[in-house]
Amino acid sequence: MAVAAGTPILRLSTGPLAGKVFEIEGTLRVGRHPFNEVSLADPGVSRYHCWILFRDGAPSVEDLASANGTFVNGERIRVRMALKPGDVIRVGSTEIQVSEEA
């Protein structure tokens, strides 16, 4: 995947899609439903679990009232939270690393 310098990306580090990379552009929906941009076959993930947004030059994550919660760096989030390179998002048993591709 060719990614422009400085573009924020998500790298799935655990789960069946480990190693898969997603460029953060606009809105990425994360959940169990197959229509999500990041579809995870994990019973601990809600159909529409969270979304990751890229607005005003910065990524953020927001939980969509998921049953098991969305976690950033081990802390459950309750409101939209800004993301930075090195942050780890956990949904169900899947961990997603936020980074910038050079």
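## Salt bridges

Glu 62 and Arg 80 join their side chains in a salt bridge, 2.8 Å from N to O; the term covers a side-chain nitrogen of Lys or Arg within 4 Å of a carboxyl oxygen of Asp or Glu. This pair ties together distant parts of the chain, 18 residues apart: Glu 62 belongs to strand E6 (residues 58-63), while Arg 80 sits in the loop between strand E8 (75-76) and strand E9 (81-82). Glu 62 is partly exposed at 21% relative accessible area, and Arg 80 is partly exposed at 47%. Here, buried is under 20% relative accessible area, exposed is over 50% and partly exposed is in between, using a 1.4 Å probe and protein chains only.

The count of salt bridges comes to 3. Glu 37 pairs with Arg 29, with 3.1 Å between the closest N and O atoms; Glu 37 is partly exposed at 37%, as is Arg 29 at 30%.

## About the model

This is a predicted model, where local features need pLDDT of at least 70 and side-chain atom pairs count only at pLDDT 80 or more, while totals for chains, interfaces and linings use all residues. Residues are numbered from 1 along each chain as its sequence is written, and side-chain values use heavy atoms, leaving out hydrogens and water.

## Overall build

The protein has 11 strands and 0 helices, counted as DSSP runs numbered from the N terminus (helices: H or I, at least four residues; strands: E, at least two). Its C-alpha atoms fill a box of roughly 35 × 25 × 25 Å along the principal axes. Of the 102 residues, 42% count as buried.

## The nonpolar core

The largest nonpolar core holds 19 residues, and Leu 10, Ile 52, Ile 89 and Val 91 have the most contacts inside it. A core like this is a set of buried Ala, Val, Leu, Ile, Met, Phe, Trp, Tyr and Cys residues joined through side-chain atoms within 4.5 Å.

Which residues does Val 91 contact, leaving aside neighbours within four places in sequence? Val 91 touches Val 30, Leu 40, Asp 42, Val 45, His 49, Cys 50, Thr 70 and Ile 96, where contact means heavy atoms within 4.5 Å.

## A charge over a ring

Arg 90 lies over the face of Phe 71, 4.2 Å from the ring centre. The rule asks for NZ of Lys or CZ of Arg within 6 Å of the ring centre and within 35 degrees of the ring normal.
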